[in-house]
Amino acid sequence: MEGILGPGDLNGDGFADIVCTAPLFKASYAAEGIAFAYFGSPTGPNQSPSWLTFGTTSGQKIGRSMASAGDVNGDGRIDLLVGGTGRVLVFHGRRRVWRPRQRRSCSDPRSATMAAACSASAT
């Protein structure tokens, strides 16, 4: 992991969440990058990622930068900015289940490499 951020409560459950990034991560493409969110709970952050997103082409370096965006879309919830080469992705927070526009899940990995990254990030 290269970056870590405490953006606040992304999913509206009342607990602080953590976002980690690895912009040089490679699953299908060189340096596509990846960002993980770990949702908080009464006992601390989840042990495995609650959400992740990754690049779709070589050199995207998703997770090169990230920031809490405040409330970009005016819905009263914290949003997240994740930067890559030549782009910034906006993920809008939601109450209960956080469903960002470009959502990826460790429970539905696209490759064995992605599953390994999800497992490794939990340790």
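Student: Hi! Where do we begin? How many salt bridges does a search of the whole structure find?

Tutor: Hello! The search turns up one salt bridge in the whole structure. Keep in mind that this is a predicted model.

Student: Which residues form that salt bridge, and how far apart are the closest N and O atoms?

Tutor: The partners are Asp75 and Arg77, and their closest N and O atoms are 3.0 Å apart.

Student: Why can side chains like that pair up?

Tutor: Opposite charges on side chains can pair when the charged atoms come close.

Student: Okay, new topic. Which residues make up the largest nonpolar core?

Tutor: That core has 12 residues, including Leu10, Val19, Ala35, Ile62, Met66 and Leu80. The elements giving two or more residues to this core are β3 (34-38), β6 (79-84) and β7 (87-92).

Student: What lies apart from it?

Tutor: Another core, with nine residues, among them Ala22, Phe25, Tyr38 and Leu52.

Student: You mentioned β6 and β7. How many bridges join them, and do they run parallel or antiparallel?

Tutor: They run antiparallel, joined by six bridges. As an example to look for, Gly83 stands opposite Val88 in β7.

Student: What do β6 and β7 form, and what is in the turn?

Tutor: The two strands form a hairpin with two residues between them, and Gly86 in the turn has a positive phi of about 75°.

Student: Which residue has a positive phi of about 55° although it is not a glycine?

Tutor: That would be Ala31. You can find Ala31 in the loop between β2 (17-22) and β3. Ala31 is buried, because its relative accessible area is 17%.

Student: What about Lys61, what is its phi?

Tutor: Lys61 has a positive phi too, of about 50°, and is not a glycine. Look for Lys61 in the loop between β4 (51-54) and β5 (65-70). With a relative accessible area of 28%, Lys61 is partly exposed.

Student: Let's talk rings. How many aromatic pairs does the search find?

Tutor: Searching the whole structure gives two aromatic pairs. In one of them, Phe36 and Tyr38 are tilted, at 6.4 Å centre to centre with 35° between the planes. Phe36 and Tyr38 are both buried.

Student: And why is the pair of Trp51 and Phe91 called edge-to-face?

Tutor: Their planes are at 70°, so the pair is edge-to-face, and the ring centres are 4.9 Å apart.

Student: Where in the chain do Trp51 and Phe91 sit?

Tutor: Trp51 is in strand β4 and Phe91 in strand β7, 40 residues apart, and their pair links these distant parts of the chain. Both residues are buried, and both belong to the largest nonpolar core.

Student: One more: where does Gly3 lie?

Tutor: Gly3 lies in strand β1, which covers residues 3-8.

Student: Buried or exposed?

Tutor: Gly3 is buried, because its relative accessible area is 18% and the cut-off for buried is under 20%.

Student: What does Gly3 touch, leaving out residues up to four places away in sequence?

Tutor: On that count, Gly3 touches Val19, Cys20, Thr21 and Met66. The C-alpha atoms of Gly3 and Arg64 are 7.9 Å apart, although these residues are separated by 61 residues along the chain.

Methods
Residues numbered from 1 in each chain as written. Predicted model: local features only at pLDDT ≥ 70, side-chain atom pairs only at ≥ 80, totals over all residues. Heavy atoms only, no water. Helix = DSSP H or I, 4+ residues; strand = E, 2+ residues; numbered from the N terminus. Buried < 20%, exposed > 50% of the residue type's maximum accessible area, 1.4 Å probe, protein only. Contact = heavy atoms within 4.5 Å. Salt bridge = Lys/Arg side-chain N within 4 Å of Asp/Glu carboxyl O. Core = buried A, V, L, I, M, F, W, Y, C linked by side-chain atoms within 4.5 Å. Pairing = 2+ DSSP bridges. Phe/Tyr/Trp six-rings, centres within 6.5 Å; stacked < 30°, edge-to-face > 60°.
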